[in-house]
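Colleague: I've got a model open on my screen and I'd like to learn how to read its pockets and salt bridges. Could you walk me through it?

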Amino acid sequence: MQLSNINPAVIAQYGLALSASGVVVETPGPYGQRVGLKPGDVLQNINGTDITTTSDAERALSERRSTLSMDVKRGLKRLRLRFRL
């Protein structure tokens, strides 16, 4: 999965609100795609940890767990993705 920090270029590319927070999914990769992530999704929370940078996301995703929960903003919708690893 390829993620990007939100910055003016990313906001313009994906048409995000100026107040957007989290990290943007550039490429979901095979596993991200399998769980429903799409390019342009904004990851805001992973396993109860607020995500503000790609480093936050990497740390949260590297924790060994049997389940994973993600809060995602897609356009005007908010989604909670949950799945077993």
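Predicted model: local features only at pLDDT ≥ 70, side-chain atom pairs only at ≥ 80, totals over all residues.

Colleague: How do you find a pocket to begin with?

Modeller: The general idea is simple: rolling a probe the size of a water molecule over the atoms shows where empty space is left. In this structure, the largest pocket comes out at about 320 Å³.

Colleague: Which residues lie nearest the centre of the largest pocket?

Modeller: Look for Y31, G32, L68, F83 and L85, out of a lining of 20 residues. Two or more lining residues come from each of α2 (29-34), α3 (54-62), β5 (67-74) and β6 (77-84). Helix α2 gives the most, with five residues.

Colleague: And what is the make-up of that lining by class?

Modeller: For the largest pocket, count 12 nonpolar residues, four polar and four charged.

Colleague: What volume does the second largest pocket have?

Modeller: About 230 Å³. Its lining has 15 residues, and L16, A17, A20, K73 and G75 sit nearest the centre. Strands β3 (42-46) and β5 each supply at least two residues of this lining. By class, the second largest pocket has six nonpolar, six polar and three charged residues in its lining.

Colleague: On to salt bridges. How many are there?

Modeller: You look for a side-chain nitrogen of Lys or Arg within 4 Å of a carboxyl oxygen of Asp or Glu. By that rule there are four salt bridges here. One of them joins D41 and R74, with the closest N and O atoms 2.8 Å apart.

Colleague: Which residue does R80 meet in a salt bridge?

Modeller: R80 meets D71, at 2.6 Å from N to O. R80 is partly exposed, with a relative accessible area of 48%, but D71 is buried at 18%.

Colleague: And what about E63?

Modeller: The E63 side chain forms a salt bridge with R65, at 3.4 Å from N to O. Here E63 is partly exposed at 40% relative accessible area, and R65 is partly exposed at 41%.

Technical notes
Residues numbered from 1 in each chain as written. Heavy atoms only, no water. 1 Å grid on protein atoms, 1.4 Å probe; cavity = no way out; pocket = protein on both sides within 12 Å on 5 of 7 lines; lining within 4 Å. Points joined across faces, edges and corners; volume = space filled by probe spheres on them. Helix = DSSP H or I, 4+ residues; strand = E, 2+ residues; numbered from the N terminus. Nonpolar A, V, L, I, M, F, W, Y, C, P; charged D, E, K, R; others polar. Buried < 20%, exposed > 50% of the residue type's maximum accessible area, 1.4 Å probe, protein only.
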